[in-house]
Amino acid sequence: MAARLAVAFLAVSSACFLAVSGQKFNAIFSFGDSMSDTGNLCVNGPPAGLTLTQPPYGETFFGRATCRCSDGRLVSTLLCSFLCQRGRTVTWHADLKFGLPLLKPSKQGGADFKKGANMAIIGATTMDSSFFQSLGIADKIWNNGPLNTQIQWFQQLMPSICGSTQGTLISYVINAALRRHSPPLNPSMLSSSCTHGPGKMIGMSYLSKSLFVLGEFGGNDYNAQIFGGYTPEQASGQSSTIVDAIGKGVEQLISLGAMYVVVPGVLPVGCFPIYLTLYQTSNAGDYDQYGCLKRFNALSTRHNQLLQSKVTSLQGKYPGAKIMYADFYSHVYDMVKSPGSYGFSTNLRACCGAGGGKYNYQNSARCGMAGASACSSPASSLSWDGIHLTEAAYKKIADGWVSGAYCHPAISA
């Protein structure tokens, strides 16, 4: 039956896919960690002792703390603004100046997720808890929602996003024809069709014209190892396993109907105030010419090399899908190298905190703690709290992903 349907709808599916180019996305669905979480960790109330629920978090855009790890909006919240400005409308979320609703946390009960949802949650890892248990560092992670769990959260939302089951098999066969290699039909697809409307026999599924942002993932997998006593070189030995898991996550989303997937790499953590403070040395040779710790950036570079290769492989395996590698590392590292070009006056110093010193970071005096305060101009800083970036930096990153300067291929292409 599937083969007959493939023949019957092959021409329709090809035409529909080509028509997607330049049209609006139905929604944006975001996955990841604290770089992307718009509030999942705080849906049931802020956890005790969580500093990011305190001012001055959120002061730049929201005027209050919103459980986002920044002074304002995040990349996932800013993508729509840039896409709208370039004439490619995304009926999704984020910039109130455009009259669009914010990207809602997926754990928020009673919300309408048809225009998008955020599955990301602070502390998320790529790997499940068993991975960290095997390394003897299970106590170094929160693991509220690793990658597999976030995809399960998305699957739980699908009935409310997509409606009835009619059209599911047709959508699957069309997507399979576009890919050459078809993953097994996911049983969850039979619980909701994800077509434009129940009962409509249309060629392109609702999800196939939505944008998926898968990450970044990997940062907390390495943080757990480093903070658990592993060297950067030892942590790098797990990179292949972590990247393979990210690749499987991409394939899971494609099996559910995704056709536009952004896969970000990890950041140059050797340039982040938290690492520069906790692992500073007296050996000048440990630092590059911009003041970043070379060993930690080498770990990020290794991960990103493997991830780029994985994305290239997936692009070949699913030629009908648009799988994009977002180069977090190169863009942020360029901001470190040439801060003035981006309007920054500081690049290695946290804007918010009470740590003082060269990097303004101390674990016991973090942003949101008593005595901590923000710098007078967060827009002039790259780092917000020593761990995360400012809204000003995230704006430039989102722009780079849309334009293609730091996303290959460009989201807007």
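Tutor: Buried means under 20% relative accessible area, exposed over 50%, and partly exposed in between (1.4 Å probe, protein chains only). This is a predicted model, in which local features need pLDDT of at least 70 and side-chain atom pairs count only at pLDDT 80 or more, while totals for chains, interfaces and linings use all residues. Residues are numbered from 1 along each chain as its sequence is written, and side-chain values use heavy atoms, with hydrogens and water left out.

Student: Why is Cys292 called buried?

Tutor: Its relative accessibility is 0%, and the limit is under 20%; Cys292 therefore counts as buried.

Student: How do you know that a disulfide joins Cys271 to Cys292?

Tutor: A disulfide is a pair of cysteine sulfur atoms within 2.5 Å. The S to S distance of Cys271 and Cys292 is 2.1 Å, so the pair qualifies. Cys271 lies in the loop between strand E4 (260-264) and helix H9 (273-278), and Cys292 in the loop between H9 and helix H10 (294-317), so the pair ties together parts that are 21 residues apart in sequence. Helices (H or I, at least four residues) and strands (E, at least two) are DSSP runs, numbered from the N terminus.

Student: What makes the disulfide of Cys271 and Cys292 right-handed?

Tutor: The torsion about its S-S bond is about 110 degrees, so the disulfide is right-handed.
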